[in-house]
Amino acid sequence: ERGMVSPAAFIPIAEEIGVIGVIGEWVLKRACMEAAAWPGNLKVAVNLSPVQFKSPGLGLTIVGALVDSGLSPHRLELEITEGVLLQDSEATLATLHQLRALGVRISMDDFGTGYSSLSYLRSFPFDKIKIDQSFVAEMEHRPECAAIVAAIAGLAQSLGSDTTAEGEPAPGSRGDPD
């Protein structure tokens with residue numbers, strides 16, 4: 001009835017009613033199975049919600065998805081938001097290091113929004129920093145957004161992390177056919 005529903009609309013509900021673990025596990029397994037059929041140089045990225053991340057069986061779920069699919073761990077990238085890092089930092093960092101030890105890549109998603117803190121970048125060596133689309137969408141019209149994108153990209157490069165700027169400039173900006 002509603003057509004496409006944004007993850008921003010259904011993920012909080014799935015977390016609240018306690019089904020995010022089941023959904024997240026299905027998504028992870030399905031993504032790994034699909035990616036295993038792709039050419040070997042391609043990776044797949046899967047978002048983990050903060051609730052899903054604190055599940056005690058997360059490591060086993062990820063190992064199971066990799067084993068069942070035959071996907072090499074270095075081809076899986078797990079995306080977490082800064083909300084994950086607001087949780088018990090010692091346990092969170094231990095989990096991040098456990099996942100990294102498996103060979104899985106870890107990305108900081110939506111960097112620059114919410115509770116952004118440079119201390120997160122100091123506490124764990126993320127493989128990738130993803131700049132939130134809100135900055136990209138407005139960077140042609142708001143110089144401060146362009147400056148933030150450039151600063152985060154420079155910071156990531158200095159830290160040895162890859163960078164992805166999500167989204168695209170708003171319609172009517174340079175390069176737009178309109």
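Trainee: Accessible areas here come from the Shrake-Rupley method with a 1.4 Å probe, and for residues only the protein chains shown count as cover. So what does the accessible surface of the chain come to?

Mentor: About 10200 Å², and carbon and sulfur atoms hold 57% of that. Two ground rules before we go on. This is a predicted model, where local features need pLDDT of at least 70 and side-chain atom pairs count only at pLDDT 80 or more, while totals for chains, interfaces and linings use all residues. Residues are numbered from 1 along each chain as its sequence is written, and side-chain values use heavy atoms, with hydrogens and water left out.

Trainee: OK, and what pLDDT does the chain average?

Mentor: The average is 87, and 92% of the residues score at least 70. pLDDT is the predictor's confidence in each residue, from 0 to 100.

Trainee: Where does it stay under 50?

Mentor: Over residues 173-178. The model has 4 contacts for that stretch beyond four places in sequence, a contact being heavy atoms within 4.5 Å. Where pLDDT is low, the predicted coordinates should not be read in detail.

Trainee: Got it. New topic: how many helices and strands are there?

Mentor: The chain has 9 helices and 5 strands. They are DSSP runs numbered from the N terminus: helices are H or I with at least four residues, strands are E with at least two. Starting at the N terminus, the order is α-α-β-α-α-β-α-α-β-α-β-α-α-β. The radius of gyration is 17 Å, close to the 16 Å from the globule rule for 178 residues, so the chain is as compact as a globular protein of that length. That radius is taken over C-alpha atoms, and the rule is 2.2 Å times the number of residues to the power 0.38.

Trainee: What does the C-alpha trace span?

Mentor: About 45 × 45 × 35 Å along its principal axes. Also, among contacts with a separation of 6 or more, 70% are between residues 24 or more positions apart.

Trainee: How much of the chain counts as buried?

Mentor: 34% of the 178 residues. Buried means under 20% relative accessible area, exposed means over 50%, and partly exposed is in between, with a 1.4 Å probe and protein chains only.

Trainee: What about Gly64?

Mentor: Gly64 is also in helix H4, which covers residues 58-69, but Gly64 counts as partly exposed at 23%. Its C-alpha is 9.8 Å from that of Leu28, 36 residues away along the chain.

Trainee: And Val51, which residues is it in contact with?

Mentor: Glu15, Ile20 and Gln87, leaving aside neighbours within four places in sequence. Val51 belongs to helix H3 (residues 50-53) and is partly exposed, with 34% relative accessibility.

Trainee: Last one: how far apart are the mean positions of the charges?

Mentor: 5 Å, for 13 positive and 23 negative charges. Lys and Arg count as positive, Asp and Glu as negative, with His and the chain ends not counted. Each charge is placed at NZ of Lys, CZ of Arg, CG of Asp or CD of Glu.
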